[in-house]
Amino acid sequence: MRITQRSLTANSITGINNNLAALTKYQNQLSTGKVLTKPSDSPTDTNKSMQTRSGLVALDQQTRNITDATARLKQADSALSTMQELARRVQTLTTQGLNTGSNDATSSAALGTEVTALRESMLGIANTTVASTGQPLFGGVAAGTVAYDATGAYVGTDGYPVTRRIGDSESIRVDVTGTEAFGTTDTAAGTKDLFALVQGIADKLNTSPVDVAGLSADLTALQAAQDRLSSAQSLVGARALRVDDAAGLNTDRKLTLTAQLGALEDVDIPRATLELSAQQVGYQAALSVAAKALQPTLMDFLK
Amino acid sequence: MSALSSLNTATRALMAQQRALDVTGQNVANANTDGYSRQRVDLQSIGANTVPAIFAKSSDVSGGVSADSVTRIRDAFMENRALAEHATSAQLTVQSDAYTQIEASFREPGNTGLQYAMDTMWGSFEDVTGNDEAARSTALQNVATVVSSLNTTSAALDQQWSQTREDLSATLDQVNSTAAQVAALNKQIQAATQAGGGSDGSVNTLADRRDALVLSLAESIGATASVGTDGMVDVTIGGSTLVSGSISTKVALSGETSLRDLMGASPAALAVRTDPGGTKLRVGGTAGGQLAVLTDIVPEYQGKLDGIATQVAAALNGGNSAGYLSDGTAGGALLGTADGSPITAASIALLTTDPAKLAVSAVAGAASSDTSNAQAMAKLGSSNGVGSAYRTLVTQLGVDSAVSTQSLTIQTTITGNVDSARQSVSGVSIDEEMTQMMAFQHGYQAAARMITAMDEVLDKLINSTGRVGL
């Protein structure tokens, strides 16, 4: 092959350009901190990176869901605890009424008044609203702001469980409806919910002479209602535990995915730095070779 | 053979060496001129009379040297290959640039692209946990973000298409003017050749200029050249003649003027055609690349993006129609187009700005605070496949772009090799020219010495003979 000065020059320029392009690549990687800035940098990594990013967005959403679920379950738990205490107090008063009520109309009426007041508190707690939305906590998916109206009748909407997604495929129920926690009133079946029951106890205590047999039956029914409360509360506790587990898992997965995204997109600084230095050496070599090769012609040696 | 004849031989020698030195000078002067082919003086000894006749007897020694023709040194095959490779290079450059631009329009991977907007939108339905206005507004706003992301990307592709169409028109204008120049140069070369211009360098210079223009035609439209008569070349594009001798024709772009028109037409009419004549041309080079961008690359990705828009709309509308508003009435479509036309990435729009129109509830016919349909809609993101369809799109774009860049890198090397092979034939080597210069210089000196010698001989003959006894 015949080599001319011009082809030497052209070759040198191509070589220097290639070196400079490689140098720029590493310089770009180091200055942006990213190896993956557009899909063509690595189509497979792009796919993985997009999946990982999707996963991270989903995890962020699940974190918010978990926060909301925890708040609701905690609220339900504390409401149910209070309710238990009040029910215990009613139980105590009823037992007292059974012992003394038949003897002394005045004291039994006093007991009746306290029970009535306790029922009011119970209704107030049953109408607790969810802080974030203003909906009744025990009203199912009721449209209004209360689960029980002033007379103590249930006005919630049952049959539509409120769920929160706490994992990719795990949803958990976060509500307890009034009927589940406090029972239902059904005159045909002869069942009463907690509030009707307490109302009945108050009414019986206020009546003289006290209906001892009725009161005693109510006491048994109250025990059943308390059991219902306990089981509702333990259900809430169990769900809260699952949500807690999910929260831990969520945090772990977020760390894993973040690390994965970093491995896909972020520059490996030591490697890039070494490559950069190697390219710099190459570039300088290309320059110095060009400087030496392009200089002499026969003219330098002709006199 | 006479003494005067020897003088004549020496004079011819002087002139020939002088001419060779001239050409060497020209070569050195153009050592760095782009497209210049080195020239060589074809020195030829003037032989004896080759046709023997009774009274025309050859002398023993010939009549000196002639330097009649100056030839351009170039390899015709290599030149043709250079045309083809330069055309391919130009085409791949345009395509690779187009892919890079499309990648920029999609803004992936990152938190500014469609994927993030979609993920956030699906997730935000889960934030709707009751009858509070704020969460619904946020969810609807996130739907609007997805819509605007689709619109923006689509508009960027539209703009790229229009820009490329303008670029192609400009390329063709340039092709037409270059073709006219080639035809004009062909005419001058023909005239010069017929007038015997082969003996001086003028034709060569014209031919160099013309060949550089032909190369630029190859780059812009993938033209090929074939040698015609009288030193002219004919230029063709995909088999159709662009320049025939001293006559050039024109090419023009005709067909759809917008991306949407082109995507609606079947088959698309957009093509480069001869003007007049209207014959469809198979173009290469820059124009070929631009045409591929216009008819294949951008429509392909716009079409895929339309598909994503349709899928998103179908999923959201299906989800929202399956649910009920908080007052118990059935939900309706959320996404559509302003005029009811089929949904595309450009025309997709939010049909309502009222957050109450989100059918978050699953309770039919009664007011409720249920949000279980919102929870169900949130799951659509992972279940209906729009996310994975979009990832496939982006990955495909990455593969196409990477392949295109890779092809360009390879092609650049090939083109470089062909260019350096051409250069090795036609390029000026200064060392070689210096050597030639010395040779011709010595030749000139020798011829001059010859004249001096003859001068002395004649001097002796004229002034010193016949003077016996003087």
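The model is predicted.

**Stop 1: positive phi**

Select B:R107. This residue sits in the loop between helix 2 (76–106) and helix 3 (114–124) of chain B. Most residues other than glycine have a negative phi. Because its relative accessible area is 26%, B:R107 counts as partly exposed.

Now go to B:D230. Look in the loop between strand 3 (224–227) and strand 4 (233–237) of chain B. B:D230 is not a glycine, yet its phi is positive, about 55°. With a relative accessible area of 29%, B:D230 is partly exposed.

**Stop 2**

In chain B, 4 strands form an open sheet in the order 3-4-5-6, with antiparallel pairing. Strand 3 and strand 6 (247–248) of chain B stand at the edges; each has a single partner strand, so one side of each has no neighbour in the sheet.

Zoom in on strand 3 and strand 4 of chain B. They pair in the antiparallel sense over 4 bridges. Select B:T224 and find B:T236 of strand 4 opposite.

Helix 5 lies across strand 3, strand 4 and strand 5 (240–244) of chain B. Its direction is at about 5° to strand 4 of chain B.

**Stop 3: two cis peptide bonds**

Move to B:S266 and B:P267. A cis peptide bond joins them, with omega about -5°. B:P267 belongs to the loop between helix 6 (259–264) and strand 8 (271–275) of chain B.

Follow strand 8 to B:D275 and B:P276. Here too the peptide bond is cis, with omega about 5°. B:P276 is in the loop between strand 8 and helix 7 (285–322) of chain B. Most peptide bonds are trans.

**Stop 4: a helix pair**

Show helix 7 and helix 9 (residues 386–426) of chain B. They pack at an angle of about 170°, with axes 9 Å apart. That angle makes helix 7 of chain B roughly antiparallel to helix 9 of chain B. The residues of this contact divide into 9 nonpolar, 2 polar and 3 charged.

Display the side chains. On helix 7 of chain B, the contact includes B:Y301, B:L305, B:I308 and B:V312. On helix 9 of chain B, select B:V386, B:Y390, B:L393 and B:L397, among others.

Note on methods:
Residues are numbered from 1 along each chain as its sequence is written. Chains are lettered from A and ligands numbered from 1 in the order in which they are written. This is a predicted model: local features need pLDDT of at least 70, side-chain atom pairs count only at pLDDT 80 or more; totals for chains, interfaces and linings use all residues. Side-chain values use heavy atoms; hydrogens and water are left out. Helices (H or I, at least four residues) and strands (E, at least two) are DSSP runs, numbered from the N terminus. Buried means under 20% relative accessible area, exposed over 50%, partly exposed in between (1.4 Å probe, protein chains only). Axes are lines fitted to C-alpha atoms, for helices over the stretch in contact, and angles run from 0 to 180 degrees between N-to-C directions. Angles under 35 degrees count as roughly parallel, over 145 as roughly antiparallel, 65 to 115 as roughly perpendicular and the rest as oblique. Contact means heavy atoms within 4.5 Å. Ala, Val, Leu, Ile, Met, Phe, Trp, Tyr, Cys and Pro count as nonpolar, Asp, Glu, Lys and Arg as charged, and the others, Gly among them, as polar. Two strands pair if DSSP finds at least two bridges between them.
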